[in-house]
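Morning, everyone. I have one structure to show, and a few local features to go through. Please have a look at it first.

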Amino acid sequence: MQSHGEFYARNVLPNTWGWRRIWRMKTDVVVLGAGIVGVSTALHLQARGRSVVLLDRRGPGEETSYGNAGLIERASVIPYAFPRDWRSLWRYARNNTPDVSYHPRFLPRIAPWLLRYWWHSSPTRLARAADAMLPLIERSVAEHDALKDDANITHLFRRNGWIDGARTDAGMTRAIAEAEALSPYGLNYRVLDRQALTALEPSLSSRMVGAVHWLDPVNVSDPGAVTRGYAALFQKRGGQLVRGDARSLKAAGKGWQVQSVQGMVDARDVVVALGPWSADLLRPLGYRIPMAVKRGYHQHYALEDGATLSHPVADIDSGFVVTPMTLGVRLTTGAEFASRDAPPSPIQIQRTRALAGQLLPLGAAVEKEPWMGCRPCMPDMRPVIGPAPKHPGLWMAFGHAHHGFTLGPVTGKLMASLITGQAPDMDPAPYALRR
């Protein structure tokens, strides 16, 4: 039994099916969402002496945290911005690129958000966003390291960085220039010509003329298993993991209530860490969150002809990543702008599958259908981390865009510090809802 929590049962009147027993749980904090952000938040709150219930409709790491390239992106210090040059805009407008696609009928709905995204992507505002994100990015690897050993999942982590590969000399020149522009951040990288790239990844075809090998990032062989490992550590330390519908959340006295499969959960504080579903939950409470989603796909493939892959490799000219994973080589796509709940579109994975096959001898797909997920994105390219301004005890942790897996543990640490009143490692103001 946890020191700050109380769990009790009560009998209720018999119904037509006989007697039934309903459990009612009291806890300090209930965290809504068992993705990497929610699980990490629960762990850090637990470490600070709080009793925590972690609630999700599915198992840990089965939504957005499952489907990514498995990168802890320490080198991604500049957020993914909206293109500002007309050449790129015209290229994407034709809707035939492998890195970005959109549903034409969805454009009128997302156009206002895209305009805000474009506005925040000006050089001055992008630099401001990069400065805001840097404290999180700088601590991303260290905070994963602080959890993985205790969770006994060190074997899932690889410290060999990742590779930005170019198909053309012009692309290689651009990649080197972008790497040099990041020199003020003290990042470590190597420029690989074709011979050096072949020595590192002998199965890559000669279509890739060179690469920049980023050395600071870490990658994992199964991001879903990492999240499950952290969740298992949370349970091992006495945390409660329950199934339930976060939409049942309601204010109750000086706290909050949410219905789980086991029964009602009462808590003084509640953390909304529901990723792309966070805005839906908060809208009835009077919050209009300017969040959109970028959908993405992945599928695993076997390698033929004795081929191997040891590093995540990004094709910077085509916007996809191939990563060695437990199930095979995971091919991850770029961004698709469509309604969050619209049926999957196969076009993007088909385009990238053909291009990836030019670089590696990909065999049969492991899964019958590609996986699809949604990245929750704010137009100013930074997440929401902090208290809800109108409801005491309501906290927010979502909107991490392409960096949810990267920033889960450092977000959880910051959130736990704010909730418990401890001095945080960084200024939380850039991540406040009203910023």
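A crossing of two helices is called left-handed if the near helix is turned anticlockwise from the far one by less than a right angle, and right-handed if clockwise. This is a predicted model, where local features need pLDDT of at least 70 and side-chain atom pairs count only at pLDDT 80 or more, while totals for chains, interfaces and linings use all residues. Residues are numbered from 1 along each chain as its sequence is written, and side-chain values use heavy atoms, with hydrogens and water left out.

Now the helix pair. Helices (H or I, at least four residues) and strands (E, at least two) are DSSP runs, numbered from the N terminus. Helix H1, residues 36-47, packs against helix H11, residues 404-420, at an angle of about 40°, and their axes are 7 Å apart. So H1 is oblique to H11; angles under 35 degrees count as roughly parallel, over 145 as roughly antiparallel, 65 to 115 as roughly perpendicular, and the rest as oblique. The axes are lines fitted to C-alpha atoms, for helices over the stretch in contact, and angles run from 0 to 180 degrees between N-to-C directions. The crossing of H1 past H11 is right-handed.

Next, two loop residues. Asn95 is not a glycine, yet its phi is positive, near 60°. Asn95 sits between helix H2 (86-93) and strand S5 (100-102). Met381, also not a glycine, has a positive phi of about 65°, and its loop runs between strand S21 (371-377) and strand S22 (384-387).

Are these residues buried or exposed? Buried means under 20% relative accessible area, exposed over 50%, and partly exposed in between (1.4 Å probe, protein chains only). Asn95 counts as buried at 18%, and Met381 counts as buried at 11%.
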